[in-house]
Amino acid sequence: MVEFPSPQLQLGDERHPSKVVDDAVQSADSSLEKQLSPDVEQAYASKLDEDLNRKKKQEYRGWVLLWLAYQSTGVIYGDIGTSPLYVYSSTFTSQPTYDDLVGALSIIIWTLTLMVTVKYMFIVLSADDDGEGGTFALYSLLARYANIVRRDPNSAGTVKMERYLTNEMKPAGKNIRSFIEHSSIARTALKVIGVLGVSLVMADGVLTPAQSVLGAIQGIEVVHPGISSATIIGSSCAILVLLFAVQPFGIHKVASAWAPIIIIWLLFNLCCGIYNLVKFDYTVLKAFSPFFAGSYLARNKEQGWRSLGGLLLAFTGVEALFADLGAFSKRSIQLSWLCLTYPCLLLAYIGQAAYISQDATMVAYTNPFFNTVPPHMIYFALIIAILAAVVASQAMITSSFQLLSQVMRMSYFPHIKTVNTSKRFHGQVYMPLANWLLMIGTVVVTAAYSNTTKLGNAYGVCVIFVTFMTTCMVSLVALIIWRINVLIVIFFFLVFACLDGVYLTSALTKVPQGAWFTLLLAVILSSIFILWRFGKEQQWSAESEDRFQPSHLVISKENGDLQLTAAFGGGPVTKVQGVGIFFDKVGDMVPIVFSQFLRKFSARQEVIVFFHMSPLSLPSIPLSERYLIQRTSIPNCYRLTVRHGYADDIVTPDLGRAIVEKLKWFVASDTRSTTGGASSLFTPLPDVKAELDALNRAYAAQTVYIMGKEQMKIKRNSNFLRRILLEAFLWMRENSRTKLADIEIPTDSLVEVGFVKEI
């Protein structure tokens with residue numbers, strides 16, 4: 001058991017660093033230093049990273065929870081909430097009989113109850129990965145409890161692995177975990193499911209804005225039947241461009257602005273539903289009996305099964321709801337669904353069914369919302385429907401940002417610019433590039449499909465695919481992580497898998513009519529994600545050859561000079577004046593750029609700093625917990641790790657001065673110890689004044705920032721397929737790399753050391 005020293009001894013002091021130095025130098029001659037071993041220091045660093053990462057999952061109560069529930073209403077229910085615009089028209093091709101209408105209503109009621117309320121609200125939302133949702137979050141969550149994924153060495157130290165001991169698990173969970181850990185096919189299947197789930201949701205994200213906005217704008221035809229198709233398409237595209245243009249304001253502001261629209265929309269549907277139910281036909285309430293859902297399918301046979309492809313539009317957006325979990329919280333989503341959205345949607349569908357059942361014109365089902373609003377309310381209905389349809393797209397836009405941030409963290413996609421839009425709600429992000437690409441795709445789809453009937457044929461297939469994948473992965477979570485009895489898991493799996501399966505088989509009939517587009521887009525996105533991951537794993541393998549301790553690279557002579565080891569030529573290393581700050585990607589071994597620098601120049605600066613930045617999903621890290629400094633076996637060489645949040649500004653023009661100040665404080669106040677069992681070994685305190693003089697002398701001479709520029713080269717003996725894949729990866733890598741011009745440090749002090757690695 002390792003006893004960790006007080007963090008203040010390693011991480012900082014509320015006093016100014018120079019004051020700490022002055023105080024410590026005065027008593028340096030009579031002090032002793034406790035020497036801490038590298039293994040204990042590394043364990044200490046990992047423990048602190050783990051403690052900080054635990055803060056990522058935020059919990060809210062009271063007014064903050066109510067405020068977040070209010071915000072979530074403006075984002076995650078747009079798609080589900082606007083489905084009363086088109087569900088009945090997508091289900092029926094002609095005026096339905098009373099029995100068929102009640103049967104379809106019964107299916108809608110029980111689908112919203114079982115699929116959304118029971119499955120997602122009370123089961124799936126609990127399967128979060130540190131507050132993040134979506135199929136990829138499920139994959140990441142499983143990877144925390146089972147060895148099924150290779151970690152990025154740059155972030156492996158900050159990932160909390162919680163693997164249950166074998167004797168703590170039930171036999172079924174233990175056997176399944178063992179199977180997926182030892183089966184390459186099972187691990188690959190989980191990887192593909194996680195990636196494909198992200199791709200399917202994002203592919204549907206291109207269609208959702210087009211479907212929602214077109215559906216609302218087409219409502220103008222109720223007031224002005226002669227309106228042209230070009231006007232509808234042009235208006236829809238203009239609204240979509242405006243929607244994407246406001247995204248840079250951030251989820252916090254956008255959600256607060258959108259929430260009143262969705263709340264008014266839902267309450268208006270509630271009032272219309274109650275009005276139609278009371279005035280026209282209250283007998284449709286018998287649809288609450290599941291008997292009518294079963295009799296509808298039994299009576300209509302194949303046609304009834306095919307109509308499920310339209311009825312599933314009642315819960316499209318449910319996967320976006322899960323993916324948006326990271327931007328809000330489980331309790332806020334449950335609160336807004338159960339207290340507002342769920343009852344409003346039920347009354348909306350019930351009221352529409354009551355009106356359609358007594359419709360003498362026999363056309364109300366073709367545009368169910370606008371044809372069933374109370375008299376003299378059509379203009380208000382048109383305005384609020386258009387506004388709600390615009391907001392409906394927000395759920396998919398937000399979920400796309402959330403999902404992309406997840407796949408980037410797991411090295412399945414190149415890092416693109418990500419802006420955290422709120423210091424209070426840590427999971428709310430905005431991605432400029434993704435936003436504009438989504439806008440272009442949505443506008444093109446809107447112009448190409450031109451109406452909701454065509455879009456309906458392409459819409460919904462992706463969502464039902466993802467809900468089935470979610471059912472499978474949550475079942476694994478229940479067995480391996482929640483450790484629930486296998487019989488209970490099998491029961492719920494069969495219930496929801498059957499529901500998913502029936503809807504899925506019906507939705508697949510839409511593939512030839514247009515759903516092929518979203519499936520093709522999802523396959524393309526998945527291929528990009530997997531290709532990038534494949535290339536990164538090859539890169540890690542090549543870089544692992546250069547991961548070693550300093551003692552493997554250099555040895556120290558009696559006079560303090562350095563010499564390369566025999567493995568690296570054995571030549572002497574010349575000392576030059578100045579401070580050399582080597583940017584370190586990994587943070588626990590010799591930086592590749594440092595080993596390359598020594599090989600090429602056989603020289604070292606008087607003071608060397610291995611500078612590693614460890615980003616955490618928090619807005620800011622307190623100064624007392626931000627820095628960790630360690631000595632290495634190389635004289636006057638330090639390893640400085642900076643833990644920082646997304647709002648912390650670390651790389652600044654005066655970075656060198658800040659680093660040297662921290663080093664001075666560390667040298668002056670260092671009281672490190674090696675703890676081993678019941679005894680501790682004490683070593684004499686190094687000459688603090690001499691070390692501080694060396695720091696001052698080196699800083700006065702010059703400060704140089706050394707970064708590596710790694711070029712990748714494909715091995716000559718690679719086969720044709722591997723070469724093609726790696727060529728594509730290298731092209732993506734070259735066009736997505738961070739440029740040195742973006743680094744906010746003096747360019748005349750920046751040195752780039754190029755080297756080539758074969759993959």
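1. Of the 759 residues of the protein, 55% count as buried. The model is predicted, and this total uses all residues. The secondary structure comes to 30 helices and 12 strands. Among contacts in the protein with a separation of 6 or more, 83% are between residues 24 or more positions apart. The protein exposes about 31,600 Å², and carbon and sulfur atoms supply 62% of that area.

2. Strand E6 (residues 603-615) is mostly covered, with 11 of its 13 residues buried. Strand E5 (residues 572-583) runs parallel to E6, and 8 bridges join the two. E6 also pairs with E8 in the parallel sense, over 8 bridges. E6 therefore has pairing partners in both E5 and E8.

3. Phe 582 stands opposite Phe 610 in E6. Phe 611 has Leu 640, in E8, as its bridge partner. As background for reading these positions, side chains in a regular strand alternate between the two faces of the sheet.

4. How much of helix H26 is buried? The count is 7 of the 10 residues of H26 (residues 592-601), so the helix is largely enclosed by the rest of the structure. The buried residues are Ile 592, Val 593, Phe 594, Ser 595, Gln 596, Phe 597 and Leu 598. H26 is followed by Ser 602, which has a positive phi, near 50°. This is a backbone angle to look at when checking the end of H26.

5. The count of salt bridges comes to 17. One of them joins the side chains of Arg 144 and Asp 129, at 2.6 Å from N to O. Arg 144 lies in helix H8 (residues 135-145) and Asp 129 in the loop between helix H7 (98-122) and H8, so the pair ties together parts that are 15 residues apart in sequence. Are the two partners buried or exposed? Arg 144 has a relative accessibility of 12% and so counts as buried. Asp 129 is buried as well, because its relative accessible area is 7%, where the cut-off for buried is under 20%.

6. A second salt bridge is made by Arg 626 and Asp 648, whose side chains meet at 3.3 Å, N to O. This pair links distant parts of the chain: Arg 626 is in helix H27 (residues 623-626), and Asp 648 is in the loop between strand E8 (637-644) and helix H28 (655-669), 22 residues apart. Arg 626 is buried, with a relative accessible area of 11%. Asp 648 counts as buried too, at 14% relative accessibility. Elsewhere, salt bridges that share partners join Asp 129, Asp 130 and Arg 144 into one network.

7. Arg 306 and Glu 302 form a salt bridge, with the closest N and O atoms 3.0 Å apart. Both residues lie in helix H14 (residues 290-311), 4 residues apart, which is about one turn of the helix. Arg 306 is partly exposed, at a relative accessible area of 38%. Glu 302 is also partly exposed, at 47%.

8. Arg 306 has a further contact through its backbone. Its backbone oxygen lies 3.1 Å from a polar atom of the side chain of Ser 506. Ser 506 is in helix H23 (residues 486-507), and is buried, with a relative accessible area of 0%. Which residues does Ser 506 touch, not counting those up to four places away in sequence? They are Trp 305, Arg 306, Ser 307, Leu 308 and Gly 309.

9. On the surface, Trp 482, Ile 484, Ile 488, Phe 491, Phe 492 and Val 495 form a nonpolar patch. Together these residues have about 500 Å² of accessible area. Trp 482 lies in the loop between helix H22 (461-480) and H23. At 30% relative accessibility, Trp 482 counts as partly exposed.

How values were computed. Residues numbered from 1 in each chain as written. Predicted model: local features only at pLDDT ≥ 70, side-chain atom pairs only at ≥ 80, totals over all residues. Heavy atoms only, no water. Buried < 20%, exposed > 50% of the residue type's maximum accessible area, 1.4 Å probe, protein only. Salt bridge = Lys/Arg side-chain N within 4 Å of Asp/Glu carboxyl O. Polar contact = N/O pair within 3.5 Å; in protein donor to acceptor, adjacent residues only side chain to side chain. Contact = heavy atoms within 4.5 Å. Patch = residues over 30% accessible without salt bridge, like charges linked within 9 Å, V, L, I, M, F, W, Y side chains within 5 Å. Areas by Shrake-Rupley, 256 points an atom, 1.4 Å probe, with all protein chains shown as cover.
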